[in-house]
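Q: Hi! Could you walk me through this one? I'd like to go step by step.

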Protein chains: 2
Amino acid sequence: MLSKKTKYGLKALTFLAKRESREPIQIAEIAESENISQKFLESILLTLRRNGFLGSKKGKGGGYYLIKDPEDIPMTAIMRVLEGPIAMVPCVSLNFYEKCDDCPDENTCSIFGLMVKVRDANLEVYRNTSLADLIAK
Amino acid sequence: MLSKKTKYGLKALTFLAKRESREPIQIAEIAESENISQKFLESILLTLRRNGFLGSKKGKGGGYYLIKDPEDIPMTAIMRVLEGPIAMVPCVSLNFYEKCDDCPDENTCSIFGLMVKVRDANLEVYRNTSLADLIAK
DNA sequence: TGTATTTCCTACTAAATCTATAGGATAATA
DNA sequence: TATTATCCTATAGATTTAGTAGGAAATACA
C-alpha cells in the first residue's frame, strides 16, 4: 500500500506543478486544497526540499515552489525519496540493496526471479512517467 | 516491502511444489529447511489451507500438501491471499476496491492514472507467473 | 527597529500493522 | 489409550506509520 506520506507528497507536487507561476505557495494553502493535515504536510514538504525537489522562502509571501520543470522530475526519483525502495525485497533493490537476513543464497532463492520481474515492471512505469504526466490527464 | 508472511508462504509453497510426491510434509520440516519460525509458519499454512491452496492431514504421518498442480496456481491468487491487494491504493484495486477516504473524486485525482498503470504492470507479471515457474529456475 | 508571518527543526505521542508466541482443542494413527 | 501433528483463538512484542507540540530562525514590511 502507498503510504499517506507518499500520497500527500505527490498531491502537493502536482498541486505546485499545475500552477503556471513558480511563486512560493504556503503550506496552509496546499494543505487545505488537498485535504491534508498541515503539520504532517509540513514535514513532507521539508523532505522534498531537502532532496532537491522544492525550494522554499520564509516569512510573509513565503512558501514552497518547484525547483525544476515537471517534465524533468521522473517518478522514480519521487518514489524513492517518499516511499523508499521500489523493489519489494532489499536483495533486488538497485538503490537500496541489502542482503535478506533470512535467505542464505540469492541464486537458489525461489522468489528472487519473481521479485526482479516485479521490480522491473514497476521501474518501467516510473521511469516513463514524469510529474508533468500526472497533471496532463 | 514484501511481508515476511508472504515471503515465508511463498517459500513453503515452492518447497512443497518441488517435491515429486504429494505426501503430507510436516510443518517442522518445512520450517527448518526454509529457516522459518515454526509457529509463525503454522499460521501461514493454515490460511493457505483455508484458501484452497493446501490440504492437510492430522496425526502421525500428517502434514501439509499441495492440492493443485503448481502450473495451475497463478501468483495473483497467492499474492492476494498472503499480501492482500495488488494495487497500491484501494481505489484502483480490482478485488479489494474501496474509495480512498481522503480523495473526493477519482476522476480528478492526480495519482489515479499512475496507480492504474502500476497495478496493471504488476498484474501482468503475476498473471504470467505460476508457482511452477518459481521452481523452474 | 519591531512585529507579524512563514518555514525550519527536533522530539514526541498515538495508532496501526507486522511478527511472532502461548496454550490448549481436535483429529488421526497405531 | 498414548502419541503425534494440525487446528484455533488470543495475545504480546516490535516496528512502522501518521500525526502533534512547541519553539527557533529567517524574511517582509511598517
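Q: Which residue has a polar side-chain atom 2.8 Å from a phosphate oxygen of DNA strand C?
A: That's Arg49(A). Keep in mind that this is a predicted model.

Q: What about Lys4(B): which part of it, backbone or side chain, is 3.1 Å from a phosphate oxygen of DNA strand C?
A: The backbone: a polar atom there sits at that distance.

Q: Which elements give two or more residues to the surface near DNA strand C?
A: From chain A, they are α3 (38-50), β1 (54-57) and β2 (63-66). From chain B, they are α1 (4-18) and α3 (38-50).

Q: Which one gives the largest share?
A: α3(A), with five residues.

Q: OK, new topic: helices. How do α5 of chain A and α5 of chain B cross?
A: Each α5 covers residues 112-127, and the two axes come within 9 Å, crossing at roughly 150 degrees. Angles over 145 degrees count as roughly antiparallel, and α5(A) and α5(B) are therefore described that way.

Q: Is that crossing left-handed or right-handed?
A: α5(A) passes α5(B) in a right-handed crossing.

Q: Which residues make the contact?
A: On α5(A), they include Leu114(A), Val118(A), Ala121(A) and Val125(A). On α5(B), Leu114(B), Val118(B), Ala121(B) and Val125(B) are among them. By class, this contact has 10 nonpolar, two polar and two charged residues.

Q: What about α2(B) and α3(B), at what angle do they cross?
A: Roughly 120 degrees, with the axes of α2(B) (residues 27-34) and α3(B) coming within 9 Å. α2(B) passes α3(B) in a right-handed crossing.

Q: And which residues meet there?
A: Ile27(B), Ala28(B), Ile30(B) and Ala31(B) of α2(B) meet Gln38(B), Leu41(B), Glu42(B) and Leu45(B) of α3(B). The contact of α2(B) with α3(B) has six nonpolar residues, one polar and one charged.

How values were computed
Residues are numbered from 1 along each chain as its sequence is written. Chains are lettered from A and ligands numbered from 1 in the order in which they are written. This is a predicted model: local features need pLDDT of at least 70, side-chain atom pairs count only at pLDDT 80 or more; totals for chains, interfaces and linings use all residues. Side-chain values use heavy atoms; hydrogens and water are left out. A polar contact is a pair of N or O atoms within 3.5 Å; within protein, one must be able to donate a hydrogen and the other to accept it, and residues adjacent in sequence count only if both atoms are side-chain atoms. Helices (H or I, at least four residues) and strands (E, at least two) are DSSP runs, numbered from the N terminus. Axes are lines fitted to C-alpha atoms, for helices over the stretch in contact, and angles run from 0 to 180 degrees between N-to-C directions. Angles under 35 degrees count as roughly parallel, over 145 as roughly antiparallel, 65 to 115 as roughly perpendicular and the rest as oblique. A crossing is left-handed if the near helix is turned anticlockwise from the far one by less than a right angle, and right-handed if clockwise. Contact means heavy atoms within 4.5 Å. Ala, Val, Leu, Ile, Met, Phe, Trp, Tyr, Cys and Pro count as nonpolar, Asp, Glu, Lys and Arg as charged, and the others, Gly among them, as polar.
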